[in-house]
Amino acid sequence: MLFRPAIRRSARLWAPVALFLVLALAGCAQDYPQTTLAPKGDFAHIVDQVFRTTFWWAVGVFILVEGALVYAIVKFRSKPGAAEPHQTHGNTTLEIVWTIIPAAILAFIAVPTVKAIFRTAAEPTDAIQIEVIGHQWWWEFRYPDLKIVTANDLHVPMGQTVNLRMTTADVIHSFWIPQFAGKRDVFPRRYNNIWFKAETTGVFSGQCAEFCGVEHARMAFRVVSDSPEDFKKWADHQQIGSPLVNGGTMADSAITADIKAMNHDTSANVDSVLARGKAAFMSGGCIGCHAMEGTPMAGMMQLVGPNLTHIASRHTIAAGTLPLTPENLSTWLHNPDSVKPGVLMKLPRPLTDDEVKALVAFLELHK
Ligand code: CUA
């Protein structure tokens, strides 16, 4: 019984320390897709450097200030029977010293910060140009030199600078790829730019970082950093065009067993899937918002929904909300609002099961 108060005292002392250590260790883990602490590109390294410089200055200030505070609390604490201490009102030397020290620290932080602002604001020469257009709630990517229009998957070649020229079709959004670059707001009828050079291959998370309406949180995208060879393969494939205009080059094997099973039609071939899918695409209302090479609206520059020409080559549907699988496409097409409440994809009428099956098989052909 005698040692119980001692245990309670030490638990009170160590609980916050243990909590701090758990949080600190959790923060060190690397499997957070939106971490800014693991930069993978030159722009992100510049930002990271400013953060680390500022962080260590702050740590120094914290240790000095808290150290002085703890020292004063212990050294000058009230003792039983002690007389009232000597009272001081103002000390000009001290006032000057503790004005100059913070000003000097801020100057040490300001110099690298301003340098980083100028470095990141400069437009790179010799970069691949990509146009970014924010929409409620998805991202459109255009490669004017390569004549590619895509959505929600931003492909970039590793080791080559890309320059993103960005705007929005509706409200203000903020374009953010935590591991490659900082944030940039995008504004209607104005153009901002951001650039970066990926130093590794892989798939990275991007996110809208400015509240832009009910589905702001589901306005994500993927950055696919390819090796230069894979980027060329991707670009070449995107330029082949839709199977609607180029069906002859698509092999029947492109129709997977899954899709045949979903279609309840084990004899499905490319031509029948394309014909039924195109019919559903036209009659189901898709055509009102989506472009797809080979459909009448293909030439439109500004449509409400993503260009679907190569939808099956992308990682997700509904701007990062679901992985792109036949099952998820089916759920989405049956009721988009159940996946992304408030989504602007309003079907003029619910699609029939047969229409959804035809559309899923049709879209899956668009690799
Ligand atoms: Cu777009 Cu938030």
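A residue counts as exposed when its relative accessible area is over 50%. Pro 350 has 66%, so it is exposed. The model is predicted. Its chain holds ten helices and twelve strands. Of its 367 residues, 38% are buried.

- The chain exposes about 20700 Å². Carbon and sulfur atoms supply 64% of that area.
- Among contacts with a separation of 6 or more, 63% link residues 24 or more positions apart.

**Pro 350**

- Pro 350 sits in a loop. This loop runs between α9 (336–339) and α10 (353–364).
- Leu 333 lies 17 residues away from Pro 350 along the chain. The C-alpha atoms of the two residues are 8.7 Å apart.

- Five residues form a nonpolar patch on the surface: Leu 13, Trp 14, Val 17, Phe 20 and Leu 21. Together they have about 560 Å² of accessible area.
- Leu 13 belongs to helix α1, which covers residues 4–28.
- The relative accessible area of Leu 13 is 57%. That value is over 50%, so Leu 13 is exposed.

**Helix α2**

- Helix α2 spans residues 42–75 and has 34 residues.
- From its first C-alpha to its last, α2 reaches 49 Å. This is close to the 50 Å expected at 1.5 Å a residue.
- The buried residues of α2 are Phe 43, Ala 44, Ile 46, Asp 48 and Val 50.
- Their cover includes one helix, α3 (92–121). It also includes the strands β7 (183–186) and β8 (192–197).

**Asn 307**

- Asn 307 is in the loop between α7 (270–283) and β11 (316–317).
- Its relative accessible area is 16%. Buried means under 20%, so Asn 307 is buried despite its loop position.
- The side chain of Asn 307 makes a polar contact of 2.7 Å with the side chain of Thr 309.
- Beyond its neighbours within four places in sequence, Asn 307 is in contact with Val 149, Ala 291, Met 292 and Arg 314.

**Two loop residues side by side**

- Pro 350 and Asn 307 both lie in loops. Pro 350 is exposed at 66%, whereas Asn 307 is buried at 16%.

Methods
Residues numbered from 1 in each chain as written. Predicted model: local features only at pLDDT ≥ 70, side-chain atom pairs only at ≥ 80, totals over all residues. Heavy atoms only, no water. Helix = DSSP H or I, 4+ residues; strand = E, 2+ residues; numbered from the N terminus. Expected span 1.5 Å × (residues − 1). Buried < 20%, exposed > 50% of the residue type's maximum accessible area, 1.4 Å probe, protein only. Contact = heavy atoms within 4.5 Å. Patch = residues over 30% accessible without salt bridge, like charges linked within 9 Å, V, L, I, M, F, W, Y side chains within 5 Å. Areas by Shrake-Rupley, 256 points an atom, 1.4 Å probe, with all protein chains shown as cover. Salt bridge = Lys/Arg side-chain N within 4 Å of Asp/Glu carboxyl O. Polar contact = N/O pair within 3.5 Å; in protein donor to acceptor, adjacent residues only side chain to side chain.
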